[in-house]
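Work through the exercises below with the sequence and the coordinates at hand. Each task is followed by a solution in steps.

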Amino acid sequence: MSVIGNILIVAALVSTSAALAAPSHLTDSQYIAAARCQGLFDSRALGSSDASVIDKVVKDEGATRTPDVFLRADDARSNAGREARNASPTSRSALAAERDGACQAYTGGFAPHAAN
């Protein structure tokens, strides 16, 4: 077998191993961050957005959480909504940028943001 053939086989095995090693669930801190994002997606103050993907992620991931993590996530979601409602125009832009940027990590890259 050629050197290139061996390299391709090794590369395929490494990429498969990396995919298998990736966690299939969010950590508690990631779950809490996703709940915050859910609060940002749900906030009408930031403009309309489709929250269905983040809602599904939070629901699916919430099934295995301990009560204290679930409560912290609920607080994060509520606080994000309150921040958005009470934000200045500059702060509101930053929160919308968080929703449309960092929060996309919890939606699989799907960008369900506003259709203003």
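**Exercise 1. Overall content**

What percentage of the 116 residues in the protein chain do buried residues make up? Describe the secondary structure and the contacts as well.

Solution. The model is a predicted one. Buried residues account for 32% of the 116 residues in the protein chain. Next, count the elements: the protein chain has five helices and zero strands. Read from the N terminus, their order is α-α-α-α-α. Finally, take the contacts with a separation of 6 or more: 72% of those in the protein chain are between residues 24 or more positions apart.

**Exercise 2. The disulfide**

Search the whole structure for disulfides and characterise what is found.

Solution. The search of the whole structure returns one disulfide. C37 and C103 form it, with their sulfur atoms 2.1 Å apart, which is within the 2.5 Å cut-off for a disulfide. Now place the two cysteines: C37 belongs to helix α2 (residues 28-42), while C103 is in the segment after α5 (89-100). The pair is 66 residues apart and links distant parts of the chain. For the handedness, take the angle about the S-S bond, which is -85 degrees; the link of C37 and C103 is left-handed. As for accessibility, both C37 and C103 are buried.

**Exercise 3. Packing of α2 and α5**

How do the axes of α2 and α5 cross, and which residues make the contact?

Solution. Start with the axes of α2 and α5, which come within 9 Å and cross at roughly 120 degrees. Angles of 65 to 115 degrees count as roughly perpendicular and those over 145 as roughly antiparallel; α2 and α5 are therefore oblique to each other. The crossing in which α2 passes α5 is left-handed. On the α2 side, R36, L40 and F41 make the contact, and on the α5 side L95, E98 and R99. Sorted by class, the contact of α2 with α5 has three nonpolar residues, three charged residues and no polar ones.

**Exercise 4. The surroundings of L40**

Is L40 buried or exposed, and which residues does L40 touch, not counting those up to four places away in sequence?

Solution. L40 lies in helix α2. Its relative accessibility is 0%, so L40 counts as buried. With residues up to four places away in sequence left out, L40 touches L46, A80, L95, E98, R99 and C103. One of these, L95, is 55 residues from L40 along the chain, yet the C-alpha atoms of L40 and L95 are separated by 7.2 Å. Another residue on the list, C103, is a partner in the disulfide with C37.

Terms used:
Residues numbered from 1 in each chain as written. Predicted model: local features only at pLDDT ≥ 70, side-chain atom pairs only at ≥ 80, totals over all residues. Heavy atoms only, no water. Helix = DSSP H or I, 4+ residues; strand = E, 2+ residues; numbered from the N terminus. Buried < 20%, exposed > 50% of the residue type's maximum accessible area, 1.4 Å probe, protein only. Axes fitted to C-alpha atoms, helices over the stretch in contact; angles between N-to-C directions. Parallel < 35°, antiparallel > 145°, perpendicular 65-115°, else oblique. Left-handed = near helix turned anticlockwise from the far one by under 90°. Contact = heavy atoms within 4.5 Å. Nonpolar A, V, L, I, M, F, W, Y, C, P; charged D, E, K, R; others polar.
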